[in-house]
Amino acid sequence: NDRYCVFGNPVGHSKSPAIHNTFAEQTGESLEYTAIEAPLEDFVGAWRAFVAEGGRGASVTVPFKEDAYRLCDSLSEQAQRAGAVNTLTLKADGSVEGHNTDGIGLVADLERQQVRLEGARILVLGAGGAVRGALETLLSRRPASLRLANRTAAKAEALARDFADLGPIQGGGYDAADERYDLVINGTSASLAGDLPPLPEDLFNEGAVAYDMMYGAEPTVFLAWSAERGASTSDGLGMLVEQAAAAFEHWRGVTPDTGPLHRKLRAELD
Ligand code: ATR
């Protein structure tokens with residue numbers, strides 16, 4: 001069997017093995033996918049050891065996405081732009097290719113839920129790694145505008161400059177998010193602390209969607225706040241499934257049906 005794994009630290013709660021083994025069963029691909037806790041100071045050693053034991057590819061999660069980026073011989077456009085890799089692939093010539101499917105996962109989850117991106121006015125909260133990973137794919141869908149708002153305004157401004165060649169993107173502080181939006185994506189980690197970024201009351205256009213990259217059994221404060229103001233809401237559980245599907249497709253050349261997994265993981269959260 002071909003071997004794959006997810007590297008993280010900690011990695012015990014990762015849903016990736018269950019997701020990829022379900023994809024393998026469903027598509028009839030014979031592979032084995034496990035979770036490996038790499039030591040914080042030696043990600044490269046863990047990857048090399050895995051390859052020596054027959055590893056063909058790996059998912060990479062916190063805190064190793066930048067380490068993974070640095071060890072690659074070649075990078076996809078998304079990975080290059082993200083400065084981070086969540087999917088490693090060992091090529092036939094022994095070289096390592098890095099890809100980043102986080103943005104593809106986000107956009108696939110939005111499109112699965114019939115959220116229109118083309119021509120939309122989009123607000124993205126945050127300017128960290130999670131947001132950087134999503135911008136290339138979001139801009140590829142040709143929104144009317146994409147505004148980045150962050151607690152540290154200078155980080156959002158710098159990030160917007162890095163992506164300005166790809167579309168109409170602007171960055172600033174929360175006070176600059178002074179229009180109405182069709183889609184508001186929370187890419188901050190504020191939800192983890194139960195915090196809500198300081199947002200104006202009249203943030204949403206008619207029919208707007210609020211999306212949080214985080215997920216849990218209960219809606220995040222951002223999603224609860226958004227629902228009270230009339231937005232449709234989605235958490236980031238579907239993004240997890242779709243980024244995995246994109247990685248699986250990249251490795252195996254077959255597209256899994258993600259529908260059953262979306263329902264199964266949702267049921268397991270409750
Ligand atoms: P990640 O990889 O999850 O994106 P990160 O790169 O550390 O993590 O970025 C965290 C993001 O969440 C940043 O945009 C951060 O804002 P700052 O750049 O101003 O630090 C944002 N963030 C974290 N905690 C927050 C809070 N309590 N309120 C508002 N924004 C918060």
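Predicted model: local features only at pLDDT ≥ 70, side-chain atom pairs only at ≥ 80, totals over all residues.

1. Residues are numbered from 1 along each chain as its sequence is written.

2. Let us start with the domains, whose bounds come from an automatic or database domain assignment. Domain 1 covers 2-100 + 238-269, and domain 2 covers 116-235. Their centres, taken over C-alpha atoms, are separated by 26 Å.

3. Where the domains meet, 11 residues of domain 1 are in contact with nine residues of domain 2 (contact means C-beta atoms, placed from the backbone, within 7 Å). On the domain 1 side, H4 and H9 are the elements that give two or more residues, and H4 has the largest share, with four residues. Helices (H or I, at least four residues) and strands (E, at least two) are DSSP runs, numbered from the N terminus.

4. Next, please look at helix H5 (residues 102-112). Nine of its 11 residues are buried, so H5 is largely enclosed by the rest of the structure. Buried here means that 20 or more other C-beta atoms lie within 10 Å of the residue's own, with C-beta atoms placed from the backbone; 12 or fewer would be exposed, and anything in between partly exposed. Among the buried residues are Asp102, Ile104 and Leu110. The cover over them includes helix H4 (77-82), helix H6 (129-140), strand E11 (204-212) and helix H9 (237-252). After H5 comes Gln114, with a positive phi near 60°.

5. H9 also packs against helix H10 (residues 259-269), at an angle of about 140° and with the axes 10 Å apart. That makes H9 oblique to H10: angles under 35 degrees count as roughly parallel, over 145 as roughly antiparallel, 65 to 115 as roughly perpendicular and the rest as oblique. The axes are lines fitted to C-alpha atoms over the stretch in contact, and angles run from 0 to 180 degrees between N-to-C directions. Leu237, Gly238 and Val241 in H9 meet residues of H10 including Leu261 and Leu265.

6. Finally, Val184 sits in strand E10 (residues 181-186). Val184 is buried, with 27 other C-beta atoms within 10 Å. Val184 and Val124 are 60 residues apart in sequence, yet 5.8 Å apart in space, C-alpha to C-alpha. Leaving aside residues up to four places away in sequence, Val184 touches Leu123, Leu203, Ala208, Ala210 and Ser226.

Note on methods
Contact = placed C-beta atoms within 7 Å.
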